[in-house]
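Please study the sequence and the structure shown below.

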Amino acid sequence: MTPPPDREGRILHGFSNNEDAVLIKAPPAGLALVQTVDILGPIGNDARLFGQTAAANALSDVYAMGGQPWSVMNIAAFPSPSAESDTPMSVLADILSGAMEKVAESGAVLAGGHTLDDEWIKFGLSVTGVVDPGRATKNDALQVGDALILTKPLGTGVLATAIKARWPGGDEAEREMYRWTTRLNAHGAEVIRAMGLKAATDITGFGLGGHVLEMARGSRVCVELETSLLPFMPQVEDFASCGLIPAGTYRNRDYCACRTIVSENADELRATLAFDAQTSGGLLLAVPEARREEACERLAALGEPAFFVGRVLPLREGKSRLILA
Amino acid sequence: MLIDTRGLSCPQPVLMVYPHLSGSEPVDVLVDNTTSQENVSRAAAKNGWKVEAREEGDGIVRLELRK
């Protein structure tokens with residue numbers, strides 16, 4: 001494993017001589033810390049790309065607040081070599097290598113980590129980011145009239161299920177899934193900062209529907225998602241119609257059901273897939289309608305997709321609701 | 001034909017049922033969770049089968065798949 005470069009000399013005393021903790025430079029005065037941790041079980045069959053995915057997924061929470069990653073710590077659970085374990089240690093090395101590639105890309109430094117012996121592989125990062133506290137995006141700051149823009153297509157839950165099932169087309173599905181899950185949400189965060197946006201989140205385990213409902217409730221508004229506009233990765237709708245929808249997706253949908261209004265015209269499959277549990281999904285940016293085009297142009301200029309998926313509406317009879325139109 | 005998927009999680013039930021959807025012999029499937037029920041029903045509908053669900057008690061549902 002090659003640790004990410006420390007270009008600014010943030011690490012004052014590292015772990016190269018087996019020190020148990022790392023002395024690290026505080027961020028410049030005036031910046032606040034963004035602190036987060038996220039751990040995943042394996043997704044797909046490629047250890048290096050799983051490592052990249054887990055790192056991108058953990059770093060994403062910092063990007064969702066408009067922050068920049070400062071330092072990370074690895075957290076790994078892995079079966080120690082024994083007669084019962086047939087998982088070679090090279091798998092852990094590959095996971096770590098993949099993760100460090102993404103950490104290097106993010107500009108963060110590695111401040112150590114911890115591995116524990118466990119029957120099941122898990123990997124993730126604890127991430128410290130920095131952000132101007134007056135300009136951090138929050139998940140409870142939606143404003144009526146905001147347009148909602150998503151930066152990655154949906155469907156990693158369904159694709160992971162098809163891969164697990166060794167369904168025909170699974171190899172292509174795996175390539176497509178990793179193409180998105182290993183992608184950092186750094187550009188979305190750049191647009192948050194450049195435009196001074198107020199509200200954003202990243203789309204992960206609760207699915208788009210679950211995460212926007214959280215935002216709506218925190219912000220005391222309703223959110224309408226246009227199911228016909230939801231972007232799905234290739235094959236997702238076909239796999240889903242064959243019954244390859246993960247339990248987590250149904251759980252998300254059912255958990256949100258009492259606060260969700262599904263319009264008569266909405267396609268049932270798309271309304272369910274609005275809750276597909278995502279791994280390392282995109283950012284959802286709330287942008288004043290008048291600046292929607294500007295946001296899309298800024299994202300496009302950075303090579304980032306921009307999918308308009310819905311809008312923020314006033315409360316309905318005093319209640320926050322998710323409306324699937 | 002009876003396929004018992006009780007105790008199995010996604011995508012196993014769909015994998016067990018799918019090979020039988022290319023024929024036309026009636027298939028009954030026992031499921032014990034929403035995910036299996038919905039996914040098996042979707043798989044059947046996609047292949048042109050009609051699905052009827054009957055509660056068997058204790059959270060078990062019998063899906064009657066008919067061509």
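The exercises that follow treat the confidence, the two chains, selected residues and the interface. The model is a predicted one, in which local features need pLDDT of at least 70, side-chain atom pairs count only at pLDDT 80 or more, and totals for chains, interfaces and linings use all residues. Residues are numbered from 1 along each chain as its sequence is written, while chains are lettered from A and ligands numbered from 1 in the order in which they are written.

**Exercise 1. Confidence**

State which ipTM and pTM the predictor gives the complex, and what average pLDDT chain B has.

Solution. Step one concerns the complex: its ipTM is 0.96 and its pTM is 0.95. Step two concerns chain B, where the average pLDDT is 96 and 100% of the residues score at least 70. Here pLDDT is the predictor's confidence in each residue, from 0 to 100.

**Exercise 2. The build of chain A**

Determine how many helices and strands chain A has, and how its radius of gyration stands to the globule rule.

Solution. First, count the elements: chain A has 10 helices and 13 strands. Helices (H or I, at least four residues) and strands (E, at least two) are DSSP runs, numbered from the N terminus. Second, consider the radius of gyration, which is 20 Å and close to the 20 Å of the globule rule for 325 residues, so chain A is as compact as a globular protein of that length. This radius is taken over C-alpha atoms, and the rule is 2.2 Å times the number of residues to the power 0.38. Third, the box filled by the C-alpha atoms is roughly 60 × 50 × 35 Å along the principal axes. A residue is buried if 20 or more other C-beta atoms lie within 10 Å of its own, exposed if 12 or fewer, and partly exposed in between, with C-beta atoms placed from the backbone.

**Exercise 3. A helix with two sides**

Identify the buried residues of helix α10 of chain A and the elements included in what covers them.

Solution. Helix α10 of chain A comprises residues 292–301, and its buried residues are A:Ala295, A:Cys296 and A:Leu299. They lie on the same side of α10(A), because they cover an arc of only 95° around the axis; the arc is that of the directions from the helix axis to the C-beta atoms. On the other side, A:Glu297 and A:Ala301 are exposed. The cover over the buried residues includes β7 (146–150), α5 (186–195) and β11 (283–288) of chain A. After the helix comes A:Gly303, with a positive phi near 80°.

**Exercise 4. The build of chain B**

Give the order of the elements of chain B from the N terminus on.

Solution. Chain B has 2 helices and 4 strands, and their order is β-α-β-α-β-β. The radius of gyration of chain B is 10 Å, close to the 11 Å that the globule rule gives for 67 residues, so this chain is as compact as a globular protein of that length. Its C-alpha trace spans about 30 × 20 × 20 Å along the principal axes. Of the 67 residues, 31% are buried.

**Exercise 5. Backbone particulars**

Is A:Gln235 buried or exposed, and is B:Asp58 buried or exposed?

Solution. A:Gln235 is in the loop between β9 (222–225) and α7 (236–241) of chain A. Although not a glycine, A:Gln235 has a positive phi of about 75°. A:Gln235 is buried, because 20 other C-beta atoms lie within 10 Å. B:Asp58, in the loop between β3 (50–57) and β4 (60–66) of chain B, likewise has a positive phi, near 55°, without being glycine. B:Asp58 counts as exposed, because it has 7 C-beta neighbours inside 10 Å.

Solution. B:Pro11 itself is in the loop between β1 and α1 (12–17) of chain B.

**Exercise 6. The interface**

Find how many residues of chain A are in contact with chain B.

Solution. Contact requires that the C-beta atoms of two residues, placed from the backbone, lie within 7 Å. By this criterion, 11 residues of chain A are in contact with 13 residues of chain B. On the side of chain A that touches chain B, the elements giving two or more residues are α3 (156–164) and α8 (247–256) of chain A. The residues of that side divide into 7 nonpolar, 3 polar and 1 charged. Ala, Val, Leu, Ile, Met, Phe, Trp, Tyr, Cys and Pro count as nonpolar, Asp, Glu, Lys and Arg as charged, and the others, Gly among them, as polar.
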